[in-house]
Amino acid sequence: MNSTSSLGANMQRAAKREEGASAVEFALVLPVLITLILGIIEFGVFFNQQISVTHAAREGARAYAIKHDKAGFNLNDVVQDAAPSVVGITATLDITGCPANTNVTVTASAGYTSITGWIDVVMPATVQAKAAMRCGG
């Protein structure tokens, strides 16, 4: 009987020594988990903006190839309307006018600002995409 009570006392002492171990382990793992979650969010937002800018460049090239000579046509308005979630998107052309049987290339770009600020070194400052379309439709 004495050995059983001695064993119980030893187990209680061992349990008391390990009471804070899980808190210490959690404190060590937490920064890694937070960085991983914020990185996933940041890359998701970046890729969403990249897809939006690519779509805007494609729409801008299509609209310019068909409507460039129409009164009131503004390429930047077309590109901004195609990507309403991207603020400050601009478009540039590689040619002036749109002679028949040539391609027009539209480059759309927008500044990217990190939403978390944790991985600014990895993320580019500008999101850019190019699209080409045959003039005249």
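Modeller: Let us begin with Gln-49, which is found in helix H2. Helices here are DSSP runs of H or I with at least four residues, strands are runs of E with at least two, and both are numbered from the N terminus. The model is a predicted one, in which local features need pLDDT of at least 70 and side-chain atom pairs count only at pLDDT 80 or more, while totals for chains, interfaces and linings use all residues. Residues are numbered from 1 along each chain as its sequence is written, and side-chain values use heavy atoms, with hydrogens and water left out.

Colleague: Does Gln-49 count as buried or exposed?

Modeller: Buried means under 20% relative accessible area, exposed means over 50%, and partly exposed lies in between, with a 1.4 Å probe and protein chains only. Gln-49 has 14% relative accessibility and therefore counts as buried.

Colleague: With which residues is Gln-49 in contact, leaving aside its neighbours within four places in sequence?

Modeller: Contact means heavy atoms within 4.5 Å. On that basis Gln-49 touches Val-86, Ala-110, Gly-111, Tyr-112 and Val-127. Phe-47 has its place in helix H2 as well, but it is partly exposed, at a relative accessible area of 49%. The C-alpha atoms of Phe-47 and Val-127 lie 9.4 Å apart in space, although 80 residues separate the two in sequence.

Colleague: In what order do the elements of the protein run from the N terminus on?

Modeller: The order is α-α-α-β-β-β, which covers three helices and three strands. For the protein as a whole, buried residues make up 24% of the 137 residues. Of the contacts with a separation of 6 or more, 60% come from residues 24 or more positions apart.

Colleague: How are two packed helices described?

Modeller: They are described by the angle between their axes and the distance between the axes. The axes are lines fitted to C-alpha atoms, for helices over the stretch in contact, and angles run from 0 to 180 degrees between N-to-C directions. Here the axes of helix H2 (residues 21-67) and helix H3 (residues 75-82) come within 8 Å and cross at roughly 140°. That angle makes H2 oblique to H3; angles under 35 degrees count as roughly parallel, over 145 as roughly antiparallel, 65 to 115 as roughly perpendicular, and the rest as oblique.

Colleague: Is the crossing of H2 and H3 left-handed or right-handed?

Modeller: A crossing is left-handed if the near helix is turned anticlockwise from the far one by less than a right angle, and right-handed if clockwise. The crossing of H2 and H3 is right-handed. On the H2 side the contact is made by His-55, Ala-56, Glu-59, Gly-60, Ala-63 and Tyr-64, and on the H3 side by Leu-75, Val-78, Val-79 and Ala-82. By class, seven of these residues are nonpolar, two polar and one charged.

Colleague: How is the class assigned?

Modeller: Ala, Val, Leu, Ile, Met, Phe, Trp, Tyr, Cys and Pro count as nonpolar, Asp, Glu, Lys and Arg as charged, and the others, Gly among them, as polar.

Colleague: What is the relative accessible area of Ala-63?

Modeller: Ala-63, in helix H2, is buried, with a relative accessible area of 6%. Leaving aside neighbours within four places in sequence, Ala-63 is in contact with His-68, Phe-73 and Val-78. Its C-alpha atom is separated by 9.8 Å from that of Cys-135, which is 72 residues away along the chain.

Colleague: How many salt bridges does the count come to?

Modeller: A salt bridge requires a side-chain nitrogen of Lys or Arg within 4 Å of a carboxyl oxygen of Asp or Glu. The count comes to one salt bridge, in which the side chains of Arg-62 and Glu-59 meet at 3.2 Å, N to O. Both residues lie in helix H2, three residues apart, about one turn of the helix. Arg-62 is partly exposed at 36%, and Glu-59 is partly exposed at 23%.

Colleague: What is the phi of Asn-101?

Modeller: Most residues other than glycine have a negative phi. The phi of Asn-101 is near 65°, a positive value in a residue other than glycine. Asn-101 is found in the loop between strand S1 (90-93) and strand S2 (103-111) and counts as exposed at 61% relative accessibility.

Colleague: Where does Thr-107 lie?

Modeller: Thr-107 lies in strand S2 and is buried, with a relative accessible area of 13%. Leaving aside neighbours within four places in sequence, its contacts are Thr-90, Ala-91, Thr-92, Gln-128, Ala-129 and Lys-130.
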